[in-house]
Amino acid sequence: MYRPLGALAVLALSTSALAQTAPQTAPAAALNAKLAAPLPADQAAMKAHVLFLASDAMKGREAGSPEFDIAAQYVAAQFYAAGLRPGGDAGGYLQTVPLVSYKAASKGDFVWTGRGAAQPLVFGEDYVPAANGAKAETSVSAPVVFVGYGIDAPQYGQDDYKGVDVRGKIVAYFGGSPARFGGEERAFFGSGGTKAAIAQAKGAVGVITLESPRSAKVRTFAKLAESYATPRMTWANPDGTGKVDAPGAPSLGTVSMAGAAKLFAGAKTPWTRIAKQADSDNAKFKAMPLPGTLTVATKTSFVPAASSNVVGMIPGSDPVVGKEVVVLSAHLDHIGITKPVKGDALNNGALDNAIGIASLIEEAKRFTASGQAPKRTIMFLAVTGEEKGLVGSDYFTNHPTVPLTSIVADVNLDMPILTYRFEDMVVFGAERSTIGPIVQKAVAAIGVGLSPDPMPEEGIFVRSDHFRFVQKGIPAVFLWPGQKGPGKAAVAYFMANNYHKPSDDLSQPILWDQGVRFVDANYRIAREIADGAQRPVWNAGDYFGTLYKGPMAEKAVRK
C-alpha cells in the first residue's frame, strides 16, 4: 500500500524532493516513481485529489470520524477554489448530518405461546434479536402471520398478504424476492426496509425474518448470532433516536429454521413443506396465521455522532428555469479500518469513491471555466454515510438545502473503475426517464456507445445515493464505465480482489486519462440537463416513477 510522508505534504512535493527522501524498499521506490511521473494538468488535478482523499492519513474516511471531517473540509476548499457558491448550513459549504450508531443492548427475550404452555425460545439457537433504531426498548406481544416473501407487487402478480389480515399482528417472512422479478425490482422488494414498509402499511406491529435453507448456505445462524450486536448507523431524530424505514413495524429479529419449526407446530401447512418450498428461486407461498402468540422484548443502545454533506452551487442564469436544480452527487465516505487483509486493515477507497469525488470537483471546474452559466442551477453534492446505507443522501433529501420541489434530476457518480480504456458506458436508470436520450447523446460525443446493464441481477439502480432522490420522485441516473473490450475482466478483477478491501488504493493501475474522459461525459450530461428546454420526466408507466409519484411523460419515450 502507498504510504505518503503526509497527506498535505504529498501535494506540495516536487519530483526532486521525492528523490531526496530516505532510502526506500524497491517496491516503494518503484511506486513513488510512478506517482511522481509527470501528467497533463487535467489528469494531474484528478490524481492530486485522490492522493489526498485516499491517503493513509484519511484512515478510510469513515462517516463520523475526524478524518472524514478533514476530507469534507478539503472538498469544501476545492468547491471554493472552483468558484462554487456555498449551499450548506449557515452560509457555508457543509450541511451538518446528525448521526446515531445503534446496536442490540441485550440478547432479548422471545417467548412463543402456542397451543400448549409458553415456550421461551433460545438465543443463538432459535432466534437472534434485531436492534430497533427508533426505540431504546421494544416490547411486542401479538399473533404471528406467515406471509411468504412479505411482498405486495401487483405488476408481478405477487400479493403475499392475500387472504390474511395482519392488522395488530407480527408478520414472518423470508428474505429475498422471486427470481422472476426484474433485477432492479428484485433488489428493491428484497430489501428489509421495503418489506417492513409494506408490513407497516398493512397494519402489522412487527416483523421477523425466517432463516431458509438458502440463506443458511450463505451465512450460518451461528455466525449471525455472533454478530448480533454489530453497530448500525442512521441519521438521528431530534430526540436522539434514529430514522428507520418503518418505525411502526420494527424488525424484531431473525428466527432460525429450528425456531421456525416451533412457531409452525400445528400450522395448516407444516414447516417442513414451507422450508422445502423456500429452497427455490421462485417459491410460491400461501399466507396463513400461525397457531400462537409471540412475545418479544429487546433493548437498543445509542451513541450519537456527526458528519457532513458538502454542498456547492452554480446559480442558474435563466429567469424562468434558473430556480430549478440539477444535482450532481458522489459519496465521500468509505469503510475506514476493518479486519486486516494480508496485514493491512486500512481501506483507502481510491476508486470507491475518492475518484468519484475527484470527478465531481473537476466537473465543477469545467462549468466555471466554461464562462457560460448554466440555465438551471447546478448543485454539487458530496454526501456522507453511503457505506452506512445511503444515510447522507437520505438525510439531504429529507432536509434539503433548497426546496425539494425545485430539484429536477440527480446524476450520481459512485466507484467508476478506471483501470482500463473504456469503450462504452453504462448508465443505470437511463431507460427509465427522459435522461436516457441525453446520456446517449453525451457518451456518443466522446466516442463510445451506451450499453445495457451488464449485471441486472445485482440491482445496482437501487443501491447508491441517487436512489434517495428516486424515492422523492426525482428522475436520477448512476454512471459507470462499461464492460466492452477489456472492461469485463477489469471490473471482475476489481470486484473480486479490491472492492471494500485495503487494496483499493493508489497501487492500482488507474488510468488518469480515462478519468478525464469520464469527467467529460458527466459534464456533457449535466450541461444538457441544465440547459435543456424541458425538465427530465419519468417515462410513462415506469415502476419507480409511478410508485414515488414523480413527474411522468404522457407516453413512452422512443429510444
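What pLDDT does the chain average, and what share of the residues score at least 70? In this predicted model, the chain averages a pLDDT (the predictor's confidence in each residue, from 0 to 100) of 92, and 93% of the residues score at least 70. Local features need pLDDT of at least 70, side-chain atom pairs count only at pLDDT 80 or more, and totals for chains, interfaces and linings use all residues. Residues are numbered from 1 along each chain as its sequence is written, and side-chain values use heavy atoms, with hydrogens and water left out.

**Confidence**
- Over residues 1–27, pLDDT stays under 50; for this segment the model has 35 contacts (heavy atoms within 4.5 Å) beyond four places in sequence.

**Overall fold**
- The chain comprises 18 helices and 21 strands, assigned as DSSP runs (helices H or I, at least four residues; strands E, at least two) and numbered from the N terminus.
- Among contacts between residues at least 6 apart in sequence, 81% join residues at least 24 apart.
- Along the principal axes, the C-alpha atoms fill a box of roughly 80 × 60 × 50 Å.

**Burial**
- Of the 559 residues, 53% count as buried, that is, under 20% relative accessible area with a 1.4 Å probe, protein chains only (exposed is over 50%, partly exposed in between).

**Residue E362**
- E362 belongs to helix 12, which covers residues 350–370.
- Its relative accessibility is 9%, so E362 counts as buried.
- Apart from neighbours within four places in sequence, E362 is in contact with A45, M46, H49 and V519.
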